[in-house]
Amino acid sequence: MRTTTDVQAWRGQQLVSGDGGGKIGKIDEIYADRETGEPKFLAIKTGLFGSNVSFVPIEQAQGAGDDVSVPYTKDQVKDAPNVDADGELSPEEERRIFEHYQLSYSEYDGQDHESLMGGTDREARFDREGAGHDTSGPDTDDAMTRSEEELRVGTTSRESGRARLRKYVVTEDVETTVPVQREEVRVEREPITEANADQALDGPEISEEEHEVVLHAEEPVVETRAVAKERVRMSKDTVTDEETVSGKVRKERIDTEGADEER
C-alpha cells in the first residue's frame, strides 16, 4: 500500500494512460482514505485550461519517470462521475467512483482520519462556539462564501486552408526583327589601259562568252532554348487579429435580512 511519502511528489505531475493512450491530465491533489489516512484518490485537472476535475483511484497508479501511469483511458477518466472537488468525498461519491472503474468498495462509517489535505472529520473542522445555524443545509461556520464564474478564453489551432505552387506551360507569339544580308550584282566598267591590256586582249578578237557570279543571301533561322529565369517559393507569415468573444457567467449575490444596516 502506498504511503503519503510515496505520492507526495506526484502533485503537479502528468497522469498518462498505461495503454499508450497519451496524456490524461495534471494531478492537482491527492485524497486520503477516511479510515486509514492512506492515499486513495488522485484529483486530475482535465479540459480546457484544466477547468474540470476528475477522480481516479490510486490503487493501480504507478510512477513512470516524470509522469504517473494508470490503466485507464483519457475518456474513461473524463467520463467519471461528476464530483465537486471540495476537499472531501462522501461515501456515496466514493462508491460511485469505484463503480465507474469497476473496483470493489467497502463503506466506512467511523470518524474521518486526518487527510492529506490537512483537514479532519468534517464535523470537527470548525469551532461551533458562537457559530450561526444554516437553515438550508448542514451547519458550517459563521460566514458564507460568495462565488462568481469567470470567462476563460483560449485559442486552438485548426486548418483554415491550403496553398500550393503549380507550374504549367503557356505558348505565346513573339515577334522580333533580325538583320539579314544578301549579295547583289553591281556592273563595273573600266577602260582599257596599259595596265589591263594583256588581260583584255587575251582571247579571240570577236566571240560570244558568258560569265556567271554566284549570289548569296542570309535567311532568318528560328529556334528555342530553355533559360532559367527565377526561383519561386512559398513561406508563411503569422499575423495577429483581434476577435471579440462573449459568454454568460453566473454570479452569486448575498442579501441580508433582519440585520442593522446602520451598524
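Burial is judged here by relative accessible area, with a 1.4 Å probe and protein chains only: buried means under 20%, exposed over 50%, and partly exposed lies in between. The model is a predicted one, in which local features need pLDDT of at least 70 and side-chain atom pairs count only at pLDDT 80 or more, whereas totals for chains, interfaces and linings use all residues. Residues are numbered from 1 along each chain as its sequence is written, and side-chain values use heavy atoms, with hydrogens and water left out.

The protein has four helices and six strands, where helices (H or I, at least four residues) and strands (E, at least two) are DSSP runs numbered from the N terminus. Along the sequence these elements follow the pattern α-β-β-β-β-β-β-α-α-α. Of the 263 residues, 21% count as buried. With contact taken as heavy atoms within 4.5 Å, 56% of the contacts between residues at least 6 apart in sequence join residues that are at least 24 apart. The protein exposes about 23300 Å², of which carbon and sulfur atoms supply 43%; accessible areas come from the Shrake-Rupley method with a 1.4 Å probe, and for residues only the protein chains shown count as cover.

The six strands form an open sheet in the order E4-E3-E2-E1-E6-E5, with mixed pairing, two strands being paired if DSSP finds at least two bridges between them. Its edges are strand E4 (52–57) and strand E5 (62–64), each of which pairs on one side only. Neighbouring strands of this sheet are turned by 45 degrees against each other on average, direction ignored. Such angles are taken between N-to-C directions and run from 0 to 180 degrees, the axes being lines fitted to C-alpha atoms, for helices over the stretch in contact. Helix H3 (residues 91–100) lies across strand E3 (39–46) and E4, and runs at about 75 degrees to E3.

Strand E1 (residues 14–17) shows both kinds of pairing. With strand E2 (residues 22–32) it pairs in the antiparallel sense over four bridges, in which Gln14 has Lys26 of E2 as its bridge partner and Leu15 has Gly25. Four bridges also join E1 to E6, and these two strands run parallel; here Gln14 stands opposite Asp67 in E6. In a regular strand the side chains alternate between the two faces of the sheet. In E1, Gln14 and Val16 point one way and Leu15 and Ser17 the other way, and all are buried.

On strand E6 (residues 67–70), Ser69 counts as buried because its relative accessibility is 17%. Leaving aside residues up to four places away in sequence, Ser69 touches Val16, Ser17, Gly18, Gln60, Ala61, Gln62 and Ala64.

The segment after helix H4 (197–200) holds Lys248, which counts as exposed because its relative accessibility is 84%. Lys248 and Glu149 are 99 residues apart in sequence, yet their C-alpha atoms are 8.8 Å apart in space. Val249 also lies in the segment after H4, and its relative accessibility of 36% is why Val249 counts as partly exposed. Together with Leu151, Val153 and Val245, Val249 makes a nonpolar surface patch of about 330 Å². Patches are made of residues with over 30% relative accessible area and no salt bridge, like charges being joined within 9 Å and nonpolar side chains (Val, Leu, Ile, Met, Phe, Trp, Tyr) within 5 Å; a salt bridge is a side-chain nitrogen of Lys or Arg within 4 Å of a carboxyl oxygen of Asp or Glu.
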